[in-house]
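Biologist: I am new to this structure and would be grateful for a close look at a single part of it, the surroundings of one ligand.

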Amino acid sequence: MVKLTSALSISVLAGWAGVSLAAEPPRIPVNFPQPEAGQYVHVPPTLADLEEATIHPELKRVIRRGHDLFVNTQQLRGENVFNDMNCSSCHLGEGAQPFSAPVWPAAVVLPNFRSKNQQVNSLEERIAGCFSFSMNGKPPEYGSDNLLALAAYHQWLAKGVPIYQPGDSLYGRGYPIGQPDAEPSYERGQVLYEANCSICHAENGGGLRVGDDVQYPAVWGDASYNWGAGITRISTLAGFIHNNMPLGQPRSMSVQDSWDLADYINSQERPQDPRYTGDVAETRALYLDTFHKSTYYGLEKQGRLLGDHDNLGEKDFLKPGALRPRFFE
Ligand code: HEC
Ligand code: HEC
């Protein structure tokens, strides 16, 4: 058994021999698990590495712009973003942190079939998905300067990873978590929330916004993600919490606590799913197998039928045009 003590041994294990390594150790917080044999470990380059890179200065400028949009997506508020989120609200470490759904995998596994929308997606389309659901918004136009800049930032983070490296081999991808021992409990979740989370995210889930500055994003309500967002799946939110919250204390909430917290948070109301047909039961049924089987949308919780409303949050349209089917005929 190889003992993993340094960036070098991790990378050798992952089959990285021959690839030059970043000088600094991987940004893996101490309480994250070490990679398993056969996993592909990638240490994304930093913005400092960007300045050193031998690429065209104009490309550097575009990648910097993509980074700026990623960490301060609120600059697109009212145009593309209609809630209190930045991309980095859910993709910590500027989109580079393992177990915080680092975004570089999308640059190397796409184009690929995506079960959520049952078609082959490009990197731009994947980014557009997070705008439509997680940001309760409307993606920048395909081919626009802003979408190009964001895609360029994702590809920069993926620098050196072989294209079509199998997605399930990527160390730290997504928000992984095991199954809970007991059924998730709303009541236990509420107690945990009030003790560990409400100091930042507020008792009513609304977070804290001071003027245009979002200090703590909303975990439910109008300023939060909508009912179509990936993080409305209980397992996904549980995995996010376990690996990332409270801020700066990854894995301090146990697996069970994280599921209980996810049950509590995702039993609260939020803006409508952009795929809404006008009937919550019908919408749930339509996307049950591909999505809503893991959410509480359209189910009765605490005496309320969740998602049974026309509330779009802060935007005045339901379905952004970018959510369109493809036809290869
Ligand atoms: C409310 C939380 C949230 C916000 C805000 C958010 N995302 Fe995501 N993002 C997710 C979730 C959940 C996933 C899916 C993770 C999973 O299931 O593995 C995801 C996945 C992704 C992926 C695919 C990663 C992979 O492993 O293939 C990309 C790329 C991405 N997001 C980009 C963005 C961009 C760009 C923004 C800002 C415009 C953004 N996200 C905002 C929650 C969020
Ligand atoms: C010290 C303040 C703080 C505490 C305590 C805290 N969070 Fe957060 N949380 C944040 C910040 C800040 C972000 C956005 C990340 C960023 O911008 O770097 C965030 C992001 C989130 C998100 C994703 C974005 C959103 O608004 O949906 C969720 C979900 C979340 N936290 C849940 C929790 C839960 C559950 C707890 C308690 C176990 C918790 N947080 C405790 C500060 C905190």
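Modeller: Residues are numbered from 1 along each chain as its sequence is written, and chains are lettered from A and ligands numbered from 1 in the order in which they are written. This is a predicted model, in which local features need pLDDT of at least 70, side-chain atom pairs count only at pLDDT 80 or more, and totals for chains, interfaces and linings use all residues. Here pLDDT is the predictor's confidence in each residue, from 0 to 100. Its mean over the protein is 91, and 91% of the residues reach 70 or more. Over residues 1-23, however, pLDDT stays under 50. Where pLDDT is low, the predicted coordinates should not be read in detail.

Around ligand 2 there are 22 residues, of which Cys197, Cys200, Pro217, Met245 and Pro246 come nearest; a residue is near a molecule if its C-beta atom, placed from the backbone, lies within 6 Å of it. By class, the shell has 17 nonpolar, five polar and no charged residues. In this scheme Ala, Val, Leu, Ile, Met, Phe, Trp, Tyr, Cys and Pro count as nonpolar, Asp, Glu, Lys and Arg as charged, and the others, Gly among them, as polar.

Helices are DSSP runs (H or I, at least four residues), numbered from the N terminus. Helix 8 (198-201) and helix 9 each supply at least two residues of the shell, and helix 8 gives the largest share, three residues. Ligand 2 lies between domain 1 (45-164) and domain 2 (186-305), because both give residues to its shell; the domain bounds come from an automatic or database domain assignment.

Conventions:
Contact = placed C-beta atoms within 7 Å.
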